[in-house]
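Here are some notes to go with your first look at this one. Keep the viewer open while you read, and follow the points in order.

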Amino acid sequence: MPAGARAAGLAALILAACTDGPGRPPVYTDASVTPEAGVEDTGPADAGEPEDSGPQDVLVVLPDSGPLPEYAFTGQFGILNDSNPLFAREVQGYLQLVVAGLPYDYVGTIDADGNVAVVSTELAGSGCPEPRITGRYTRTDTTFELLHKTCNAAGDPVSSTIRGGFFQDFNPAVSGTYEVTMAVTRDLANCFGLGPVGGRAYWGLSVAADRTVSLFVAADPVGPPAAYFGRFTSQDLSGFSAIHHLDATNDGPQVAMQAQLSQPTANDPVQIAGTRDVYLPETGCTISVEFSGVRVDAP
């Protein structure tokens, strides 16, 4: 049989095996038109309806692709190549930094971009010419790079760049920001005036693992930003006494604070109440106030 005839006969056999004839259903299902190739796969329901790719779909932001969260400059931080910690407390644009411990305490401001500008009134009160910390805190990854200008134990000016990052939070039981109201109870020189003080104060309470406490008087209608340091006298963190030093010496001029903390029920915020002596540097006066408030942010 000629080769062309054999090829034609073979094609006829294959066609007979696969189908009953043109236009009839296929014998083998894998030769049929599959659903994913039809109009339903490429028409409006797939490419134009909100369920798949319309406006409701494209507004969804995946957790790993949206804006990064931003964190306040608050907590205990580590310093690279230094065993000393950095303690920070940010309250409504005001900032307190403590490098290692007293008298290296600095208060001032921080802006939304994390730019830091704080000074040490204690070191300045002891003659240190320019005790300040400037630089930047990165809110998205909780790291900092700061220029620390201070004085050593001999009173000589020193300067260094410090870098580091977040280590751990303060004790969450009572640490946080408190909204406070006050009334002046003693003003011997009539520098401020007796009675209730208009406006609310916002203070930051920071408690470390060893129950040491720093109360940062940040936004305050009575006096400038200042920090009081002390220790809780009880395991239940119900009361403390603290001192604001006016210079860098332990036995130098100082003013004090006493405070009690309570929480009536588990559904109530932590409350603070007590008395505080306030030094007013503009006039050199010292006044006394009573205060009370509630925690509005933690830790």
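**Notes for a first look**

1. Glu179 forms a salt bridge with Arg200, and their closest N and O atoms are 3.6 Å apart. A salt bridge here is a side-chain nitrogen of Lys or Arg within 4 Å of a carboxyl oxygen of Asp or Glu. Glu179 sits in strand S9 (residues 176–186) and Arg200 in the loop between strand S10 (195–196) and S11, so the pair ties together parts that are 21 residues apart in sequence.

2. Some ground rules before going on. This is a predicted model, where local features need pLDDT of at least 70, side-chain atom pairs count only at pLDDT 80 or more, and totals for chains, interfaces and linings use all residues. Residues are numbered from 1 along each chain as its sequence is written, and side-chain values use heavy atoms, with hydrogens and water left out. As for the element names, helices (H or I, at least four residues) and strands (E, at least two) are DSSP runs, numbered from the N terminus.

3. How many salt bridges does a search of the whole structure find? The count is six. One of them joins Arg139 to Glu90, with the closest N and O atoms 3.1 Å apart. Arg139 is in the loop between strand S6 (132–138) and strand S7 (143–151), while Glu90 is in strand S2 (residues 82–91), so this pair ties together parts that are 49 residues apart in sequence. Both Arg139 and Glu90 are buried.

4. Next, look at Glu130 and Lys149, whose side chains meet in a salt bridge (3.0 Å, N to O). Glu130 lies in the loop between helix H5 (121–125) and S6, and Lys149 in strand S7, so the pair ties together parts that are 19 residues apart in sequence. Glu130 counts as partly exposed at 36% relative accessibility, and Lys149 counts as partly exposed at 28%. Salt bridges with shared partners also link Glu130, Arg132 and Lys149 into one network.

5. Now for the barrel: eight strands close up in the order S1-S2-S3-S4-S5-S6-S7-S8, with antiparallel pairing. From one strand to the next, the twist averages 30° (axes are lines fitted to C-alpha atoms, for helices over the stretch in contact, and angles run from 0 to 180 degrees between N-to-C directions). Strands S4 (residues 105–110) and S5 (residues 115–119) run antiparallel and are joined by four bridges; two strands count as paired if DSSP finds at least two bridges between them.

6. Strand S11 (residues 201–207) runs antiparallel to S12, with six bridges joining them, and Tyr202 has Ala219 in S12 as its bridge partner. The two form a hairpin with four residues between them, where Arg211 in the turn has a positive phi of about 75°. Strand S12 (residues 212–219) in turn has six bridges to S13, again antiparallel, and a hairpin of six residues connects S12 to S13. Phe216 stands opposite Ala227 in S13.

7. Are S12 and S13 mostly covered or mostly open? Seven of the eight residues of S12 are buried, as are five of the seven in strand S13 (residues 226–232). Arg231 of S13 is a handy landmark: Arg231 is the bridge partner of Thr212, and Arg231 also has Ser241 in S14 as a bridge partner. S13 and S14 pair in the antiparallel sense over four bridges. They form a hairpin with six residues between them, and Leu237 in the turn has a positive phi of about 55°.

8. Finally, check Asp247, in the loop between strand S14 (239–245) and strand S15 (254–262). Asp247 is buried yet has no salt bridge, and the nearest side chain of opposite charge, Arg276, is 17 Å away (Lys and Arg count as positive, Asp and Glu as negative; His and the chain ends are not counted). The side chain of Asp247 does make a polar contact with that of Thr249, at 2.7 Å. A polar contact is a pair of N or O atoms within 3.5 Å; within protein, one must be able to donate a hydrogen and the other to accept it, and residues adjacent in sequence count only if both atoms are side-chain atoms. Leaving aside residues up to four places away in sequence, Asp247 touches Glu122, Gly125, Ser126, Gly252 and Pro253, where contact means heavy atoms within 4.5 Å.

Conventions. Buried < 20%, exposed > 50% of the residue type's maximum accessible area, 1.4 Å probe, protein only.
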